[in-house]
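Hello,

Here is the structure I promised to pass on to you. My notes follow below it.

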Amino acid sequence: MSLSFCSLASGSSGNCQYVESQTTRLLVDAGMSGKYIKSSLESIDVNIASINGILLTHEHADHISGLGVLMRRYKIPLHVTHKTWEAVRLKVGEVDETLLFRYEDMDDITIGDIRIRGTRITHDAVDPLCYTFEHGGSKVGIATDLGAISDEVVERFKDCDLLMIESNHDIEMLKVGPYPLYLKRRILSEFGHLSNEDAGYIAKEIIQFGRAKNILLAHLSKENNFPDLAYETVRGILENEDILVGRDINLDLTYRDKVGKLYRIKKG
Ligand SMILES: [Zn+2]
Ligand SMILES: [Zn+2]
């Protein structure tokens, strides 16, 4: 029994994550070109035609730009809330309706042998969600594009073996950086993105529940962050709590333009 996870791409230029059990293969978001997603899956020995379903976190372009191609060319089903589908439908072009599975919420659904729980988050999108995936006692969580951390998110994620969490920006870099004021305000608001400090805080909370083994930092801003800065900020917050990277937790990055490490979580 195992659950695998690999970040194919993460960042404001595109997002696509891969989750796999023995029999079921899923993508979370399809925000890179069909060509990139196909070749990055091949790099971890996965045929794109074998993907069983796509889930969406929300309708922003960096999460859906390859969706139409994947549905038309590879006939991959889409699992989505009604509201997000309404926001996405005009952007993806013509798709086969039989590939569409729409839900009021995605609080508890099963695809193949993976249990999926979607949790509502705050972001400037119509119905944004983060997700946990469970199979055979293993649990993976993905939370990006959220402006604030609710108790509900911590509750849903606290028993994850692997958590991919947004570490979008360094607050000082954002404040002095090139973005217009309205955009800075949006990013810093509860409908924006989590900072490196936020990521460190939620990582600490989750690790202290005692189950998490892997924390992956995600959706790093190109303009308002550096990979080393995100990593060191989170590491510093954890070490202040006597949580040592390497000893107590594996801390890793995900990348805007390349495939991250493939993780296999085995139980039993
Ligand atoms: Zn995004
Ligand atoms: Zn977004």
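Among contacts between residues at least 6 apart in sequence, what percentage join residues at least 24 apart? In this protein the figure is 69%, where a contact means C-beta atoms, placed from the backbone, within 7 Å.

Before the rest, some housekeeping. This is a predicted model, in which local features need pLDDT of at least 70 and side-chain atom pairs count only at pLDDT 80 or more, while totals for chains, interfaces and linings use all residues. Residues are numbered from 1 along each chain as its sequence is written, and chains are lettered from A and ligands numbered from 1 in the order in which they are written.

The protein has nine helices and 14 strands (DSSP runs numbered from the N terminus: H or I of at least four residues, E of at least two). Its C-alpha trace spans about 50 × 50 × 35 Å along the principal axes.

Of the 268 residues, 49% are buried, that is, with 20 or more other C-beta atoms within 10 Å of their own. Beyond its neighbours within four places in sequence, Val19 touches residues including Leu3, Phe5, Ile114 and Phe133.

Ala203 is also one of the buried residues of helix 8, as are Ile202 and Ile206. The cover over the buried residues of helix 8 includes helix 5 (151-157), strand 11 (162-166), strand 12 (214-218) and helix 9 (227-240).

Best wishes

Note on methods
Contact = placed C-beta atoms within 7 Å. Buried ≥ 20, exposed ≤ 12 C-beta atoms within 10 Å, placed from the backbone.
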